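Let's take a look around this protein chain together. We'll begin with one residue and its partner, then step back to the whole chain.

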Amino acid sequence: MPSLLEALERKYGAKGEVNPPIDDMPVAIFVPKRSPRLSVPTLLVLNDCDIDCAGDPCALADKCADVVELDIANNKLTEWQEVFAVLEQTPRVRFLNLSFNRLSAQIQAAQALRPRWDSLSHLVLNSTYVGWPSVHALLKALPALEELHLSLNEYSYVDLSGNEVNEKDRCEECSRLNIETTDTVHEQLKKLHFSGNPVSSWREISKLGYAFPNLETLLLNDCPITTLEPDPCEKCQDDNGNKKSHDAFPHLRFLNLNNTGLATWDEVDRLARFPALKSLRVQGWPLWERFESTEHERRLLLVARLPHVRTLNGGGAVPVEERDAAERAFIRYYMEKPESDRPDRYWELVGIHGKLDPLVSVDLRPEKRVQITFTCGDNSEVRTIDVYRTVSDLKTRLERLAGFPASKMRLFYVDQELRDTQYFQGPEEMKYPTKQLYSYNIRSGDEIIIDSKLKHSISANSTA
């Protein structure tokens with residue numbers, strides 16, 4: 001198998017010096033330039049090259065002197081001493097990707113005492129199966145580290161004590177590690193990717209917060225977490241005292257909990273207590289499968305329950321108008337529920353907005369089927385459509401009326417209530433194929449104009 005140096009020379013040539021000799025060249029007349037293929041870039045990618053070692057230190061240092069980002073994922077590295085050899089010859093590297101190299105061997109004490117790498121700020125160790133003692137040693141050797149990726153490493157517990165794990169320390173009932181620590185391990189780390197690990201206990205996740213007290217971004221998607229409560233275990237006599245879900249995360253601003261096992265509204269209420277949380281992702285929860293609602297209704301209830309979250313499931317910030325509407329809809333939704341079913345947030349919002357008059361219907365979902373006039377040239381036709389269909393699906397269903405395929409079709413929505421007012425800005429093009437029709441606030445009596453992309457193309461060519 002090739003070394004990193006050999007893989008580098010295969011890709012960029014053996015003569016890819018960083019500083020080629022120019023002693024015999026009349027510099028005043030001609031300044032030589034290296035061929036792009038012979039230049040080692042500052043962002044060096046050598047994936048899937050079967051690299052298993054560093055190679056000659058002097059030659060590697062000469063070629064990689066200017067490299068600041070190094071991606072050597074999907075190779076055959078198994079020994080940490082080879083990784084350290086690479087780092088010693090690339091002193092300017094700030095980003096290192098080692099994903100999908102089998103680095104499960106533990107870092108030895110002698111290796112951990114090697115000089116610290118002050119420039120490395122981003123380290124990616126996804127699916128390397130690196131053990132917790134090795135993670136601890138790396139954190140101590142990388143004082144400038146700001147972002148760490150530990151996804152897909154089969155972690156079922158968290159242990160940043162730096163010690164070997166004794167299986168006797170693991171609870172037979174809950175599989176958690178009965179080693180409680182709130183010690184700080186790394187103060188500079190701001191962003192942690194921990195996706196796809198089989199950790200189910202929030203107590204284990206909290207250890208990450210205590211280890212990294214300034215953590216701002218945490219990705220836990222695809223972890224089988226079933227509750228954010230610091231769940232007690234009678235078997236290991238772990239009652240967690242008076243700790244709360246958010247105690248370990250005072251500075252957390254972004255949290256991804258997509259595709260976890262969270263299944264109750266209580267979990268949403270716990271998220272609302274995270275003091276700095278501004279951006280949240282909560283898609284793919286079992287709660288949404290059990291709760292019969294549309295995406296629109298679900299978003300209203302989430303926005304109302306999360307007063308400090310600014311962005312929800314991606315996209316832009318929640319507008320003030322949407323939050324106000326969501327809070328009022330939340331009050332009306334729970335007005336019809338027994339008092340015992342009303343969450344604390346209901347009473348908070350009643351204190352803000354007062355008791356609201358009930359609407360004719362407390363169903364937050366938009367009208368499912370509406371009658372729309374479709375106009376294509378001189379032809380018009382009134383049809384009843386399902387507002388939960390997408391724009392793409394609607395185009396397909398209009399092919400017969402239009403006389404041309406959906407791929408050549410443009411749709412324009414006309415709001416009849418605004419059409420004859422000063423606020424009407426003209427028909428709104430329905431550009432986004434996956435967007436559901438209800439998001440345009442379509443109501444019975446509105447119009448959709450069908451136009452042809454081909455016609456506009458011919459018109460543009462004729463005027464050129």
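Glu429 counts as partly exposed, at 25% relative accessibility; here buried means under 20% relative accessible area, exposed over 50%, and partly exposed in between, with a 1.4 Å probe and protein chains only. Its side chain meets that of Arg410 in a salt bridge (3.0 Å, N to O), a term that stands for a side-chain nitrogen of Lys or Arg within 4 Å of a carboxyl oxygen of Asp or Glu. Glu429 sits in strand β14 (residues 428-429) and Arg410 in strand β13 (residues 409-414), so this pair links distant parts of the chain, 19 residues apart. Helices and strands are DSSP runs numbered from the N terminus: helices are H or I with at least four residues, strands are E with at least two.

A quick word on the ground rules. This is a predicted model, where local features need pLDDT of at least 70 and side-chain atom pairs count only at pLDDT 80 or more, while totals for chains, interfaces and linings use all residues. Residues are numbered from 1 along each chain as its sequence is written, and side-chain values use heavy atoms, leaving out hydrogens and water.

Now for some other salt bridges. Asp415 pairs up with Arg443, their closest N and O atoms being 3.2 Å apart. Asp415 belongs to the loop between β13 and α14 (416-419) and Arg443 to the loop between β14 and β15 (447-452), so the pair ties together parts that are 28 residues apart in sequence. Asp415 is buried at 12% relative accessibility, whereas Arg443 is partly exposed at 31%.

Glu322 and Arg299 form a salt bridge too, with the closest N and O atoms 2.7 Å apart. Glu322 is in helix α10 (residues 320-335) and Arg299 in helix α9 (residues 295-305), so parts 23 residues apart in sequence are tied together.

Here are the pairs side by side:

| Glu322 | Arg299 | 2.7 Å |

Which residues are linked in a network of salt bridges? Those are Glu229, Glu267 and Arg270. A search of the whole structure finds 14 salt bridges.

Stepping back, the protein chain has 15 helices and 15 strands. Of its 464 residues, 45% count as buried. Among contacts (heavy atoms within 4.5 Å) with a separation of 6 or more, 74% come from residues 24 or more positions apart.
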